[in-house]
Amino acid sequence: MIRLEKRPTPSRMWTALTPLVAVLATLVAGGLMFAALGKDPFEALRTIFYDPLFNAQFAAYSRPQLLVKAGPLILIAIGLSMGFRAGIWNIGAEGQYIIGALAGGAVGLAFYPSDSVLIFPLMVIAGALGGWGWAMIPAILKTRFNTNEILVSLLLVYVAEQLLASMSLGLLRNPQGGGFPGSRNFQQYEAASNPELFAGTGMHWGVVAAFIAVIAAYVMLTRHLLGFQIRLTGAAPRAARFAGVIPTRLIVTCLGISGALAGLAGLFEVTGPAGQISIDFNSNYGFTAIIVAFLGRLHPVGILLAGLLMALTYIGGELAQFMLGLPAAAIQAFQGMLLFFLLAVDVLTNFRVRLIKREVA
Amino acid sequence: MAGISIELLLASLMVAATPILLAAIGELVVEKAGVLNLGVEGMMITGAICGFAVAVETGSPTLGFAGAALGGAALSVIFAVLTQLLLSNHVATGLALTLFGLGFSALIGQGYVGVKPPSTPQINLGVLSDIPFLGPVLLSHDLMVYLGLALVAAVWAVLKFTRTGLILRAIGESHDAAHALGYKVVRLRFLAILFGGASAGLGGAYLSLVRVPQWTEGMTAGAGWIALALVVFGAWKPWRVLLGAYLFGGVSVLQLNLQAAGLKVPVELLSMSPYLITILVLVIMSADKRRAALNAPAALGRVFHATT
């Protein structure tokens with residue numbers, strides 16, 4: 001008979017190992033899924049994980065994409081991980097990401113066709129404020145009216161999506177776009193664009209911001225009082241209150257940080273890789289970032305690695321779609337599976353598995 | 001505004017409320033047992049495609065609904081194993097279920113985009129369905145509408161009057177005490193989660209087979225989350241959940257009718273109204289801290305690990 005025995009403290013070894021075990025298990029299960037779809041599983045896995053980086057034919061295009069896709073994922077996931085650690089569940093990052101893009105983009109478009117160097121910094125600030133403001137709705141409803149932040153932040157994603165549709169069809173539509181939906185293209189509006197900083201690397205300001213966020217989060221969690229309060233609240237909410245943590249303030253801070261970072265990610269995406277505000281510029285980064293945060297064990301360095309891995313599944317998925325006709329949804333299911341396996345093997349971190357012989361009474 | 005008839009509005013309200021009602025009543029049982037399953041959206045959309053696929057392949061909507069219940073329940077097994085046996089966090093696992101369900105359903109659903117499902121027959125009560133006003137509003141729907149109502153009554157009765165219901169509620173209030181009394185916490189929670197999954201699956205299939213009726217990716221569009229909010233709105237009481245479902249059914253039907261009537265309000269504002277109203281209602285319901293805390297099952301979302 002198998003029994004689980006609670007460990008006094010989480011195992012450090014398993015904390016580090018579980019993401020690897022989960023990735024391996026997902027590769028096996030994913031291979032089976034691809035086989036069930038009638039594709040050669042080894043070829044599919046090679047196309048997703050190996051070819052984008054090392055195949056001479058595709059790597060030139062795919063490698064820069066790695067940073068392009070990982071940037072927003074890491075930036076959003078870093079913000080989310082703060083709240084998740086403290087038991088504050090912001091799952092509406094997708095909405096904050098959209099609003100950040102709208103707010104920042106609108107500021108830039110308002111000054112068209114200015115060429116002042118101040119435009120882009122101003123847009124960045126507006127983007128962060130947009131995301132922050134959108135996240136303040138669940139934060140204030142939670143602290144003032146005790147409303148569940150999970151449901152409110154998520155429902156606001158649908159509201160943000162409608163707002164995005166309304167804006168790209170109406171207020172922010174390109175007046176010279178011949179009636180097509182979508183805003184002006186930021187790539188042709190130099191003062192407001194977020195170009196590749198070094199040719200062929202995929203590095204843009206969003207990726208820079210993501211790296212800064214990783215370092216800042218690491219310093220904050222290990223060296224700053226706020227980081228201590230977050231970790232303490234996650235580990236023992238009652239003890240945290242005795243230690244002087246004000247729950248209301250922590251909720252507002254955590255949701256605010258994650259909202260602002262998601263808003264930034266949205267702004268960098270819309271001015272860079274996406275190019276314009278359009279109905280479907282958002283590519284579910286806000287939801288995938290949840291998986292990234294968990295896969296990275298809510299740790300900044302872990303999130304950096306997890307973000308790169310998840311970006312690889314996006315790129316490899318596109319490649320597999322193109323080369324093998326693997327449906328796009330398969331990758332989404334694959335990413336979901338990864339989270340399942342991660343949660344499943346996580347039991348090993350907190351519990352010891354004991355085999356017990358049934359005693360005869 | 002003249003184009004909107006009250007009779008038609010009320011009749012379509014019953015239809016519009018059914019998917020969220022089915023999902024919400026299932027989730028109510030799950031939460032009463034102390035489990036917070038945030039995967040309702042994922043189970044609904046899985047039910048939507050399973051039901052759609054089975055109905056199209058067999059030509060029978062009845063088998064379709066059965067398939068949907070099975071599909072939803074099958075997905076919920078993953079949640080049950082993870083949270084009950086492997087002691088994972090309820091919130092994270094529920095989110096995983098939703099993310100996986102959305103991808104998985106899109107994967108199965110590829111061949112079914114643009115296909116027309118077999119139509120679900122409406123019950124025919126002969127003379128009764130011809131009664132003016134009451135007939136078309138109440139008595140001329142398909143069976144699932146009434147199944148939803150029956151399910152509400154059954155859940156209410158089981159929770160209130162039976163021993164099983166009492167044990168279920170006890171487990172939801174304090175799993176440690178219930179375990180000490182010898183009740184099978186994990187087994188009963190497992191069954192509650194399966195029931196929730198099957199109900200959500202039925203709700204999803206009602207969307208794809210009756211309400212829309214068509215399959216498109218991500219077609220539930222937040223219905224599962226509204227169902228979760230309904231449970232809070234209904235203060236974990238079955239009849240109030242029914243009331244809430246009709247309220248939201250009414251809002252969504254009304255906004256669609258207003259869109260069609262060409263009201264001078266932006267379409268997007270009308271489309272976001274169900275979500276905004278859900279948030280508003282949530283705020284009102286949870287504003288009173290003490291009452292909200294009394295209504296919610298005390299062990300909701302807490303992981304149970306039997307030490308002895």
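1. Basis. The model is predicted: local features need pLDDT of at least 70, side-chain atom pairs count only at pLDDT 80 or more, and totals for chains, interfaces and linings use all residues. Residues are numbered from 1 along each chain as its sequence is written, while chains are lettered from A and ligands numbered from 1 in the order in which they are written.

2. Secondary structure. Chain A has 15 helices and two strands, whereas chain B has 13 helices and zero strands. Helices (H or I, at least four residues) and strands (E, at least two) are DSSP runs, numbered from the N terminus. In sequence order chain B reads α-α-α-α-α-α-α-α-α-α-α-α-α.

3. Dimensions of chain A. The radius of gyration, taken over C-alpha atoms, is 22 Å for chain A, close to the 21 Å that the globule rule gives for 361 residues, so chain A is as compact as a globular protein of that length. The rule is 2.2 Å times the number of residues to the power 0.38. Along the principal axes, the C-alpha trace of chain A spans about 85 × 55 × 35 Å.

4. Dimensions of chain B. A compact globule of 308 residues would have a radius of gyration near 19 Å, and the 19 Å of chain B agrees. Its C-alpha atoms fill a box of roughly 65 × 45 × 40 Å along the principal axes.

5. Burial and contacts within the chains. Of the 361 residues of chain A, 53% are buried; in chain B buried residues make up 51% of 308. A residue is buried if 20 or more other C-beta atoms, placed from the backbone, lie within 10 Å of its own. Two residues are in contact if their C-beta atoms, placed from the backbone, lie within 7 Å. Among contacts in chain A between residues at least 6 apart in sequence, 79% join residues at least 24 apart. In chain B, residues 24 or more positions apart account for 78% of the contacts with a separation of 6 or more.

6. The contact between the chains. Chain B gives 40 residues to the contact and chain A gives 39 residues. On the side of chain B that touches chain A, the elements giving two or more residues are helix 3 (61-85), helix 4 (90-108), helix 10 (223-233), helix 12 (267-286) and helix 13 (289-295) of chain B. Helix 4 of chain B supplies the largest share of that side, twelve residues. By class, this side of chain B has 29 nonpolar, nine polar and two charged residues. Ala, Val, Leu, Ile, Met, Phe, Trp, Tyr, Cys and Pro count as nonpolar, Asp, Glu, Lys and Arg as charged, and the others, Gly among them, as polar.

7. Helices 1 and 2 of chain A. Helix 1 (residues 12-36) and helix 2 (residues 41-49) of chain A pack at an angle of about 120°, with their axes 8 Å apart. Axes are lines fitted to C-alpha atoms, for helices over the stretch in contact, and angles run from 0 to 180 degrees between N-to-C directions. Helix 1 and helix 2 of chain A are therefore oblique to each other. Angles under 35 degrees count as roughly parallel, over 145 as roughly antiparallel, 65 to 115 as roughly perpendicular and the rest as oblique. Leu27(A), Gly31(A), Phe34(A) and Ala35(A) in helix 1 of chain A meet Pro41(A), Ala44(A) and Leu45(A) in helix 2 of chain A. This contact has six nonpolar, one polar and no charged residues.

8. Helices 3 and 9 of chain B. Helix 3 and helix 9 (residues 185-211) of chain B pack at an angle of about 140°, with their axes 6 Å apart. That makes helix 3 of chain B oblique to helix 9 of chain B. The residues of their contact divide into 18 nonpolar, nine polar and one charged.

How values were computed:
Buried ≥ 20, exposed ≤ 12 C-beta atoms within 10 Å, placed from the backbone.
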